[in-house]
Amino acid sequence: MARRHLLLLLPLLALAFSVAVASAEGQGDSAAFIDGASHRYLRDQQDGQATSMSLDEVTAAVSVLLGFAPPAMLPSESSAKLNKVLLPNPFDRPRAVFLMQIDESHASVDSFISEAGSIFKTKIEGSENAATGLTDKDELIVIRSDESLDVQYGSDSLDNELTDLAIWLEGSYQKTDGKLNIPLESGNSLTLLVSKNADLEFASSLISLLKTIKRGIQVHEDFSGGIVSPAELIVCHFTGIKALEGEYGSAEIVKQGAEVVRTALTKAFDQLQAAYKGKIVGLVMSTNEASTSLASIIDAPSSLHISRRLAEASMTNATASASIAAIILVRLSLAWTTGIILLISTLIGICLLMNMPLTRDTLLYSNVKLD
C-alpha cells in the first residue's frame, strides 16, 4: 500500500521539481539591447527568443559599441555570439551607450522595456566579469548616476526635484500631503507617499535617472565639435523596484512601479536619441544580485584618467582660443592700418589733383618725333 502511494506521488514530485526549475530560470538575470530607428547598430533577433550570453560577452558587446576592440582572449564562440548581436560594420559604431541597471529585482527585463524600436534580448549566464582590454590610452567618459541626492522628506530641494519629476512624467506632486501621482498607460495612476521610505526611494531613483540623462546630454554637447571626441558611457543604477518589492512584495503597486519605469526609460532613451542624433545604443539589465554588473567597463583604466584628460582638453581648448583671439587681433589691426593708409593716400591724391595748374603739360603737348 505504501509502495502504491509512493508511485502516485512520484509524478507529482517530478511536476513540482520542473515548475521550480522553470521558475528559477525565469527569474535569472536578463538584459536587452535597444537600438534607435534612425540609425541601426544591432541585428534583428530572428526567432524572438532571448539569446544566452555570459556577462563577459555582454561586456565585450558594450566595448565594441563604444568603438573599442573586444578582449584579445575572447573565445571564438563568444565572438560568434557578438556577430549575432552587432551589425558587421566596424567603422560605424555609436561610441555612446546608455546602461540602465535595475539592481536586485525579481522581474524580468521585459517588464521595463517598450516593444517599440529594435530590441535584442539576452539571458545572462554566469557572473564572471573579466577585463575588457581597455587601456589608459582609450578615451572614455563614464557618467554615473547621482547618488548624492537630498532625500530628506520635507526639504525644499527634494520638493523641487519631485515637481520636476512630475512634470517630466506628466503627473503631479502635492507638496502639502507629499503625494506624487504618475499616470500610467493603462489609464490608472501610481500614487506614491514620499513620507514612506520605499516610496521615497523609488521616487529618488527616478530623479536620479532624470538628472543622469540631463548631465549626459550636457557632457555630450560640451564635447561635440571639439578637439577631443571620447566615447561616452552613461550608467544609471535603479534601486527603486527593489525597495517596492521589499516593502509590498508582489502587490499591484510593484507592477505599477515597473510600468512607470518603462515609461521613464522610454522618455529617457528618446531624449538621448534626439541629443545624440541616433548615435547611441541602450542596454537595460535586470539583475537578482548586486554583484552582477559591468564593473570592468565602469571601472575601466581609461575612466580613471578622464579627469586629467578633461583638464588637458580644457587647457588645450583655452590655449587654442587665446591663439585664435591673438590672430584675429593682429588681422584686425593690419586691416585698419591698411585702410587708414589707403584713405590718407586717396585724400592726398585728390588734393594734389585739385591744386594742379591749368597749363598744358610740356611733355604731353611737345612735338617730339620718335624714330
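**Exercise 1.** Which residues form a nonpolar patch on the surface, and with about how much accessible area together?

*Solution.* The model is predicted. Step one is to list the members: I324, I328, L332, W336, I340, I344, I348 and L352 form the nonpolar patch on the surface. Step two is the area: together these residues have about 850 Å² of accessible area.

**Exercise 2.** Determine whether F269 is buried or exposed, and describe its surroundings.

*Solution.* Begin with the location: F269 sits in helix α7, residues 252-275. Next, take its relative accessible area, which is 9%. Buried means under 20%, so F269 counts as buried. Then look for its partners: with neighbours within four places in sequence left aside, F269 is in contact with I34, D35, G36, F98, I280, V281 and G282.

**Exercise 3.** Find where confidence is lowest and where it is highest in the protein chain.

*Solution.* Start with the whole chain: the average pLDDT is 77, and 72% of the residues score at least 70. Then go to the elements: helix α1 (residues 2-26) is lowest, with a mean of 38, while strand β7 (residues 179-183) is highest, at 91. Now check the stretch 1-26: its pLDDT is below 50, and it has zero contacts in the model beyond near neighbours in sequence. Residues 301-307 also have a pLDDT below 50, but this stretch has 15 contacts beyond near neighbours in sequence.

Note on methods
Residues are numbered from 1 along each chain as its sequence is written. This is a predicted model: local features need pLDDT of at least 70, side-chain atom pairs count only at pLDDT 80 or more; totals for chains, interfaces and linings use all residues. Side-chain values use heavy atoms; hydrogens and water are left out. Patches are made of residues with over 30% relative accessible area and no salt bridge: like charges are joined within 9 Å, nonpolar side chains (Val, Leu, Ile, Met, Phe, Trp, Tyr) within 5 Å. Accessible areas come from the Shrake-Rupley method with a 1.4 Å probe; for residues, only the protein chains shown count as cover. A salt bridge is a side-chain nitrogen of Lys or Arg within 4 Å of a carboxyl oxygen of Asp or Glu. pLDDT is the predictor's confidence in each residue, from 0 to 100. Helices (H or I, at least four residues) and strands (E, at least two) are DSSP runs, numbered from the N terminus. Contact means heavy atoms within 4.5 Å. Buried means under 20% relative accessible area, exposed over 50%, partly exposed in between (1.4 Å probe, protein chains only).
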